[in-house]
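Subject: Structure for you, with notes

Hello,

Here is the structure I promised to send over. My notes follow below it.

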Amino acid sequence: MGGDFLPETEEKGSLRRCAVTREEGEPSLMIRFVISPSGEVVPDLDARLPGRGIWLSPRRDVIEQARARGVFSRAARQQVKVPEDIVARVEAGLLRRMSELVGLARRAGQATSGFMKVREWLVQRKAAIVVHALDGSREERERLVSGQRDIPVVEALSSEDLAKIFGRERVVNVALSAGGLAQRLRCENKRFTGVAEGGPRMPRTFPAHGCEQAGQ
């Protein structure tokens, strides 16, 4: 195997090794794949499916290399089927998880929406992370976070996506208060920005260490 992956017995440790780059990283910031009973490679985005895990760095080019170079078959020690659209499946899955996290935060009373309400949370230092609609204007985003340059801003969900979560006609701005859901959203966004077509959608970088699994 050339050391491309960590043995299953080591999968319980604190780090995972990418089967392509061989770099180690936190499990919550990498992407795990497993082989289904039918021999197909399946993304395991919350790292809970049974079986030997194959870990990759959360980068579009890395996943594409793994598919093109037979990395999954070598790591699994068997011939496997790799879906042609596996990168798109990972991207869609991560986007769905981000939407679910915002929904969980809303239902838990840990999220608010609307320019004025989000701005109020920012001024009061209540907001831990801001979600600005992907199709929102840059000018509005800059007005919103004026004076709060250190606030993490996620741009991945559309205004339609956010509107469905909050049951409104249109939502552009959302804020989450500090807590596990906000931290998990950071993690999912970090993974998503590496995989998303067209490159990162997060204008401000921020640390995402110590992330919990979004499915927990």
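The axes of helix H1 (residues 60–68) and helix H3 come within 9 Å. They cross at roughly 140°, and H1 passes H3 in a right-handed crossing. From H1, the contact uses Arg-60, Ile-63, Glu-64 and Arg-67. From H3, it uses Ile-86, Val-87, Val-90 and Glu-91. By class, that contact has four nonpolar, no polar and four charged residues.

This is a predicted model: local features need pLDDT of at least 70, side-chain atom pairs count only at pLDDT 80 or more, and totals for chains, interfaces and linings use all residues. Residues are numbered from 1 along each chain as its sequence is written, and side-chain values use heavy atoms, with hydrogens and water left out.

Some terms, once each:
- Helices (H or I, at least four residues) and strands (E, at least two) are DSSP runs, numbered from the N terminus.
- Axes are lines fitted to C-alpha atoms, for helices over the stretch in contact; angles run from 0 to 180 degrees between N-to-C directions.
- A crossing is left-handed if the near helix is turned anticlockwise from the far one by less than a right angle, and right-handed if clockwise.
- Contact means heavy atoms within 4.5 Å.
- Nonpolar covers Ala, Val, Leu, Ile, Met, Phe, Trp, Tyr, Cys and Pro; charged covers Asp, Glu, Lys and Arg; the others, Gly among them, are polar.

H3 and H7

H3 (residues 86–107) also meets helix H7 (residues 180–195). Their axes come within 9 Å and cross at roughly 160°. That makes H3 roughly antiparallel to H7 (an angle over 145 degrees). This crossing is left-handed. Residues of H3 in the contact include Val-87, Leu-94, Met-98 and Leu-101. Among those from H7 are Leu-181, Leu-185, Glu-188 and Phe-192. The contact of H3 with H7 has 13 nonpolar, one polar and five charged residues.

Helix H6

Which residues of H6 (residues 159–166) are buried? They are Ser-159, Leu-162, Ala-163, Ile-165 and Phe-166. Buried means under 20% relative accessible area, exposed over 50%, and partly exposed in between (1.4 Å probe, protein chains only). The buried residues pack against H3, strand E6 (111–113), strand E7 (127–132) and strand E9 (173–177). Just after H6, Gly-167 takes a positive phi of about 65°.

Two arginines with positive phi

Most residues other than glycine have a negative phi. Arg-22 has a positive phi of about 65°. Arg-22 sits in the loop between strand E1 (16–17) and strand E2 (24–25). Its relative accessible area is 47%, so Arg-22 is partly exposed. Arg-77 has a positive phi of about 60°. The loop that holds Arg-77 runs between helix H2 (71–76) and H3. Arg-77 counts as exposed, at 58% relative accessibility.

Leaving aside neighbours within four places in sequence, Ser-73 is in contact with Gln-78, Gln-79 and Val-80.

Pro-37 is in the loop between strand E3 (31–35) and strand E4 (41–44). At 93% relative accessibility, Pro-37 is exposed.

Best wishes

Key:
Parallel < 35°, antiparallel > 145°, perpendicular 65-115°, else oblique.
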